[in-house]
Amino acid sequence: RFTWRIENFTRLNTKKHYSEIFVVGGFKWRVLTFPKGNNVDHLSMYLDVADSTSLPYGWSRYAQFSLAVVNQIHSKYYIRKDTQHQFNARESDWGFTSFMPLSDVYDPSRGYLVNDTVIIEAEVIVRRVVDYWSYDSKKE
């Protein structure tokens with residue numbers, strides 16, 4: 001589990017905002033968020049392969065993951081979404097364009113934005129994908 005505290009959230013003036021890199025399953029990941037939405041009126045969030053541009057040709061990795069926005073007032077009301085994806089060079093990030101309405105994020109009474117800070121959690125499980133064409137049962 002990776003926890004990302006985004007301070008000065010309402011003052012972010014970039015379209016995309018990346019977390020620091022974290023490692024799960026020997027792979028480098030980061031969370032990508034669009035604080036004002038990715039051409040929608042929702043917070044957009046994705047899991048991103050941090051080193052995708054430097055990986056060898058034909059790379060891919062499979063992960064099950066969830067992304068969540070923590071409710072800092074009532075912890076049981078956090079918003080969480082789960083998915084899975086086979087990441088590759090063409091699809092090096094995956095997630096939710098319409099994660100939650102921006103009106104909910106920016107409404108201080110809702111508890112997601114406290115002291116101009118939003119807390120995002122990512123849980124990632126990396127699965128080894130078996131390539132059945134090259135799988136050698138005797139060797140295994």
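A polar contact is a pair of N or O atoms within 3.5 Å; within protein, one must be able to donate a hydrogen and the other to accept it. In this predicted model, such a contact joins the side chains of His-85 and Glu-91, at 3.3 Å. His-85 belongs to strand S7. Its relative accessible area is 7%. Buried means under 20%, so His-85 counts as buried. Leaving aside residues up to four places away in sequence, His-85 touches Arg-61, Tyr-62, Ala-63, Phe-65, Glu-91 and Trp-94.

Strand S7 spans residues 79–88 and pairs with strand S6. The two run antiparallel and are joined by 10 bridges. Within this pairing, Leu-67 stands opposite Lys-81 of S7. S6 also pairs with strand S9, which covers residues 118–127. This second pairing is antiparallel too, with eight bridges. Here Val-69 stands opposite Ile-120 of S9.

Strand S6 covers residues 60–69. Eight of its 10 residues are buried, so the strand is largely enclosed by the rest of the structure.

Val-69 also features in the largest nonpolar core, which holds 30 residues. Together with Phe-22 and Trp-29, Val-69 touches the most other members of that core. Several elements each supply at least two core residues. Among them are strands S1 (2–6), S3 (22–24), S4 (27–34) and S5 (42–49). S6, S9, strand S8 (93–101) and helix H1 (102–106) also each supply at least two.

How values were computed. Residues numbered from 1 in each chain as written. Predicted model: local features only at pLDDT ≥ 70, side-chain atom pairs only at ≥ 80, totals over all residues. Heavy atoms only, no water. Buried < 20%, exposed > 50% of the residue type's maximum accessible area, 1.4 Å probe, protein only. Helix = DSSP H or I, 4+ residues; strand = E, 2+ residues; numbered from the N terminus. Pairing = 2+ DSSP bridges. Core = buried A, V, L, I, M, F, W, Y, C linked by side-chain atoms within 4.5 Å. Contact = heavy atoms within 4.5 Å.
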